[in-house]
Amino acid sequence: MTRRAWLSTFIAVQVLGWCFAINPIVARAGDCANKWNAPKEVTGTGAKKADAIGDFEKKSKTLAKDANCKGDKCAKGKGNCRAMRTATQSCTGDDEKGWTCTGNVRVGCFCLGGKEKGTIAPPPSTAPKPTDSECPNKFSDPKDAVGASDKSKAQAQTAHDAKIKEYIDAETEFCAKQKCTGEKIACRLYYTTTEPECGESPDPNFPGFSCKSQFRAGCFCFGDDEQALAMAADIALPAGEEFATHRPYRGKTMLVGVVLAEGCVPGHTCTASLVANPDLIEGTPGLVVKKVRVPERLNARGHATLQGEVVASNHAKRQPADGPITFVTPETGVTTALALDVALADQPEESVSVPIDELPPEHKKHADTPSAPPVLPDNGVCVVHDKYSGNGHATKVSVNGTEVPVLAESQGMTAFRPGSAAKTGENEYTVTDNGVTRTYKLSAPSIAIKANQTTLEQNQSTGFQVIVSDLGGIPDSSWTSSEGAGGEEGYILLTIKNDSTNTTISGGNLTKVPLHKSDFADGSYTYNGTITAQEPGPFQLEATIEAHLAEAAPINVANERRNIARGAGKGCCQYYNPASGNWCAIDRRGHHQLIVTLRPHPASRFGKLQHQFGNLEVISHRFTLAFAEQQIEILRLSLATLEPQEQFV
């Protein structure tokens, strides 16, 4: 067995609220000290590294309890006296002989609010020139951090985060200028924040969104080599959150891909994913794949897996790495780069930071109406163009009744992989977002290669066939034009490749055949070829298809709000109904206009409508209707009768 030894050093700072009974013999109310006690050495042991860290943590918490900060008093309005801990910790050992974690723990009692969480800020990259002032070793009073936006709550949150960063940068520089005595000791910023409260303005005269929290800064003397980790106040955090995303991961890493959707709007939520096979997805239209390294995790077969890993973003913590990962797109010009912190679920205190320097812009303008490619691509990734929230957890995708997760999503598209939920031939899937469900058809064609024999003698030839079938679900409209091909007829490109070096095939070892709708008149297409061997042995052929077809509209829409159509003339109400087109009726008899919207009647599928109007002009985007002086008679109906709905403007 290979032995492995690890060494890691960190410092953690926590504010803890304890609810233990106070021993009446030692408890004596006094003023909160607002200072640090002398450090004490602590040793934790365990069979696993996590066990040793847990034992160290348990013993350091005991020191905080013994400090009895809760029994001391703070001035009115200054909060409660709470215990803070700092710790330097080094762990050595292996899983065979066990682990030992040692370090120095010191406890201090400080007056803080019950909802404050804090962190030691890292020193500035360029140390400012020191002054003659001594490091105060105390907190200042809290101040408000406010972010506002007239567009969305997410943008208000981004503005709030920028204000917090502004405070941190200014206070870090101030603390660094103060003096501390002792070797390798520097004055460092320790700050606390409360959770931001975000909401929409209740006053219609002043619409907008705001996020507000409190920020408190303090300058304290810490060691130069100490690394700052998260601190929590009053409320116990979930396991691992005390040290989450601050200590760098030192174990083995593996190469994965971050899948990002084009067109994320600044200040809004977007969704990404981590994938173990980035080369397979790379090249998908509308998606960008960035290769990164994350902590290595292998399944029982020794293959890389993302199960058992978690991801933290600027939107949510501890998101499963094998599912949708949400984040808030930074505002243009914000200096804080977007980063995802990836860690093993059982070691959340150590993470790998995955920076995303630039999000992909939208390269191709798509139609305002929802649409999706009608054929499942070879890499198994489906892309749907529509207006989305960007939150892949809120968007629900179901393929043939089986729910599948979102792979990536922006405000203009969502992507997913049907996987085993898709079957050969015609499929149906639904995408639900903001309560609206759209149903699409999806074709998953099959390809088969047949040969009279698969092993040949020298100079021997044999025939082979490549059969493309099961193209159900492709609408006629997708064959009329090829997406991005200037209005040319759509086609499916069949590629046949000879993977054997000792053979040749008729038509060339790489043959490309464009197939049009007419080639599938009987439901399938068969390519006949011949392969000849220059040397005896087996041979191998490969065949793939790639669809060059126009995107298809949904076949059904449920729960959609009937909004006035984009581009409608002033005073003209439009409603799109696939059965009858866009309708608009305008009464020109006076200073006002009577808007008549024609919509499907729920009670009948066929028939005619007669209704008394005034002198009306009736316009259809599909055809123009004749009208009489006192009535409009609609005779050309294919799927629905219509009823009037009046609205004055």
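First, a term: buried means under 20% relative accessible area, exposed over 50%, and partly exposed in between, with a 1.4 Å probe and protein chains only. By that rule, Cys382 is buried, at 5% relative accessibility.

Now the ground rules. This is a predicted model: local features need pLDDT of at least 70, side-chain atom pairs count only at pLDDT 80 or more, and totals for chains, interfaces and linings use all residues. Residues are numbered from 1 along each chain as its sequence is written, and side-chain values use heavy atoms, without hydrogens and water.

Disulfides next. A disulfide here is a pair of cysteine sulfur atoms within 2.5 Å. The structure holds nine. One joins Cys32 to Cys81, S to S 2.1 Å. The torsion about that S-S bond is about 70 degrees, so the link is right-handed. Cys32 is buried at 9%, and Cys81 is buried at 5%.

Another joins Cys264 to Cys270, S to S 2.2 Å. That link is left-handed, with -125 degrees about the S-S bond. Both cysteines are buried.

On to secondary structure. Helices (H or I, at least four residues) and strands (E, at least two) are DSSP runs, numbered from the N terminus. Helix α1 covers residues 49-66. Its buried residues include Ile53, Phe56 and Leu63. After α1 comes Asn68, with a positive phi near 55 degrees.

Last, the sheet. Strands pair if DSSP finds at least two bridges between them. Three strands form an open antiparallel sheet, ordered β34-β32-β37. β34 and β37 are the edges. β32 pairs with β34 over six bridges, and Ile496 stands opposite Thr511 in β34.

Conventions:
The expected span of a helix is 1.5 Å times one less than its number of residues.
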